Amino acid sequence: MQPRNMSMSGVVDLAAVKAAGEAKAKAEQARAEAARQAAQGGGAGPAAGAVPPSALVLDVDEAGFERDVLQLSAEVPVVLDFWAEWCEPCKQLSPLLERLTVEANGRLVLAKVDVEANQMLMQQFGIQGIPAVFAVVAGQVLPLFQGVAPEQQIRETLAQLVQVAEERFGIIGIEVDPNAEGAAPAAAAEFPAGPYDALLEAAVAALDAGDLGGAVQAYKNVLSDDPGNTEAKLGLAQTELLVRVQDMDPQAVRTAAAENPRDPAAQIAAADLDLVGGHVEDAFGRLVDTVRVTFGEDRDAVRLRLLELFEVIGADDPRVSAARTALARVLF
């Protein structure tokens, strides 16, 4: 079986997301500061939350896919290795992927999926044969190759993946501690808790007072220092949704959407109303369908709004997981 789809040209470009560049800059500054302190302090140990090399390779199943792959992919590119015990080529490829992942020193995580035990994942990814290798970056699925490829070719593909994650998504990976024990990549992916209770309370108070602008700013103040703060991210997404719909004429919006099924702006506005009204599947389905029939900047605008609505509901919701899968099928 010959390798295919080794090019990274089909990667979804998230350069329009301002937070990506900011997250990358903050992470790079943090690493530079840690290196400086280590040099001044005579070799200080790794930062808290660093993971051992063994934690860079994990087994993944359908139940843990959202947590172990999609959520983790916001901090480090996750390479998916679809394999089976009876697959002889898999026995050549999997050890190579494991070795290259460990060599990448936190720039990648390898998630191994046994297709015999996870038939649904195999179907969702449209896999016709194994070994098959995909990547997930910031929740976006990227096909890499199928079959066994030369080591140098795989190295180049993984290097491209790391570059895309850094330059387009602002993701530079997780820190590795060779002496750490018992840590897991998912735990390392979390940002340390910060003293933001007062700001979060201020945001809630602003919402209670009807001051949406004040709530938005309070959440942004938290995220400027702690981009991974889950409560602030969720609060900001929900508040910005309320800001967008507060002056809408629902009847006019729905009429425009019905009359212009390919109009991105009309469908985005209707999806916002769907979500505020509690029609989550309708909102997600509307935007996935619009991504399917649009191209270029129009498609990007719809896709980015869908990602924003995922933030409103939360990554743990099964409806988000289902919509991510549907979006991946449309895009790839």
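Let me begin with a term: a residue is called buried when its relative accessible area is under 20%, exposed when that area is over 50%, and partly exposed in between, with a 1.4 Å probe and protein chains only. What I am showing is a predicted model, in which local features need pLDDT of at least 70 and side-chain atom pairs count only at pLDDT 80 or more, while totals for chains, interfaces and linings use all residues. Residues are numbered from 1 along each chain as its sequence is written, and side-chain values use heavy atoms, with hydrogens and water left out.

I will start with strand β2, residues 78–83, where six of the six residues are buried, so that the strand is mostly covered. Helices (H or I, at least four residues) and strands (E, at least two) are DSSP runs, numbered from the N terminus. From β2, Val 78, Leu 80 and Phe 82 point one way, whereas Val 79, Asp 81 and Trp 83 point the other way, and all of these are buried.

As for the neighbours of this strand, two strands are said to pair if DSSP finds at least two bridges between them. Strand β3, residues 109–114, runs parallel to β2 and is joined to it by six bridges, and within β3 the bridge partner of Phe 82 is Val 113. Between β2 and β3 the chain passes through helix α3, residues 88–103, in a β-α-β crossover that is right-handed, meaning that, with the strands pointing away from the viewer, the path from the first strand over the helix to the second runs clockwise. With strand β4, residues 132–137, β2 pairs in the antiparallel sense over five bridges, and there Leu 80 has Phe 134 as its bridge partner.

Let me turn to the cysteines. If a disulfide is taken as a pair of cysteine sulfur atoms within 2.5 Å, the count comes to one, and it joins Cys 87 to Cys 90 with an S to S distance of 2.4 Å. The link of Cys 87 and Cys 90 is right-handed, with 80° about the S-S bond. Cys 87 counts as buried because its relative accessibility is 2%, and Cys 90 is likewise buried, with a relative accessible area of 2%.

Taking contact as heavy atoms within 4.5 Å, and not counting residues up to four places away in sequence, Val 330 touches Val 288, Val 291, Arg 292 and Arg 299. The C-alpha atoms of Val 330 and Val 293 are separated by 9.5 Å, and these two residues lie 37 residues apart along the chain.
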